[in-house]
Amino acid sequence: MILTNYWRTLLNIIYPPKCPYCKTLVEEHGAWCSRCLADILSVREINVMEHRLKYLTSCRAVCEYTGGLKRIIHDMKFRQQRRHAIYLRWLLASSKKPAYFSAIDYVIPVPLHTDRLKERGYNQAELIFKDWSKKEKLVWLPNLLVRDKHTIPQWELTLSERRANIKGAFIITRPEMVKDKNILLVDDIVTTGITLDECAKILKKSGAASVHGFSVASGAR
Ligand SMILES: [Zn+2]
C-alpha cells in the first residue's frame with residue numbers, strides 16, 4: 001500500500017493530473033477542473049414518451065454534449081484516443097446514481113458491427129463502461145447483444161431515416177438470459193434515443209423486465 005502511494009506520488013510529479021480540456025492542474029487523474037465541469041455536468045432524463053421511444057423504461061444522460069466533452073468523445077472515437085475513457089468514467093462517478101441501479105442485473109453496451117470494430121479497434125462504450133461497471137458492482141455482459149446489420153452513421157440521417165436504418169440491426173445471442181432481467185444499456189452519446197430503443201425492443205421481446213438507457217452525454221434537444 002505504501003509502495004502504491006509512493007509510485008502514485010512519483011507519477012503525479014512526472015505526469016501531473018490535468019483537466020483534459022483547459023489543462024488546469026487538478027487533484028487526480030481523470031478529473032475535470034471545476035469550471036469545465038460546471039459547463040458540462042448536467043444530468044438529464046430524456047422523456048421516453050415525448051421522444052416516441054416505446055421500449056426503453058427510462059433514458060438518462062449525465063452530461064451535455066458540448067465544449068470540452070464534445071472534443072474528448074470525438075477524439076476517443078475517431079482519433080484513437082482510448083485513454084480518454086478515464087475522463088468519461090470520472091464524469092459518471094461524479095453524478096448522482098439513479099435509484100434503479102440496485103435492481104440492475106446486467107450492463108450491456110450498444111454493440112458496433114464487427115467491421116466497424118475492426119476498423120476502430122475498440123468499442124468506445126466498452127472502454128468507458130467496463131471498468132465503471134466493476135466499480136459500481138454491476139455485472140458487465142458485453143456479448144449478449146450483437147450488431148448484425150451494416151448501418152449508416154445515424155447523425156447523417158433524418159428521424160424517420162434513423163428508425164429505418166437501425167431497424168433489425170441487433171440480435172441476442174442467448175435470449176434465455178434476458179427473461180425477467182433488469183438491464184442497463186450503455187453508450188457514449190444519446191441523441192434521439194432511437195438506437196437504444198431498437199436494442200431495448202429486442203431485449204423486451206425476449207422477456208426483459210426493464211431496459212434503462214444510460215449514457216455519458218446527451219446531444220438531445
Ligand atoms: Zn478545465
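Lys137 is exposed, with a relative accessible area of 74%, where exposed means over 50%, buried under 20% and partly exposed in between, using a 1.4 Å probe and protein chains only. This is a predicted model, in which local features need pLDDT of at least 70 and side-chain atom pairs count only at pLDDT 80 or more, while totals for chains, interfaces and linings use all residues. Residues are numbered from 1 along each chain as its sequence is written, and side-chain values use heavy atoms, with hydrogens and water left out.

**Zinc site**

- The zinc ion has as its protein donors the SG atoms of Cys19, Cys22, Cys33 and Cys36, lying 2.3 Å from it; donors are N, O and S atoms within 2.8 Å of the metal (3.2 Å for Na, K and Ca), and sites may look incomplete because water is not among the atoms.
- The 4 donor atoms subtend angles of 102 to 116° around the zinc ion, and the arrangement is therefore tetrahedral, a term that requires all angles of four donors to lie between 85 and 135 degrees.
- Along the sequence, the donor residues follow the spacing C-x2-C-x10-C-x2-C.
- Cys19 counts as buried at 0% relative accessibility, whereas Cys22, at 38%, counts as partly exposed.

**Positive phi in loops**

- Lys137, although not a glycine, has a positive phi of about 60°, and it is found in the loop between helix H6 (124–135) and strand E4 (145–147); helices (H or I, at least four residues) and strands (E, at least two) are DSSP runs numbered from the N terminus.
- Asp180, also not a glycine, has a positive phi of about 65° and is found in the loop between strand E5 (170–172) and strand E6 (182–190).
- Asp180 counts as exposed, because its relative accessibility is 54%.

Note on methods. Tetrahedral: all angles 85-135°; square planar, octahedral: opposite > 155°, others 65-115°.
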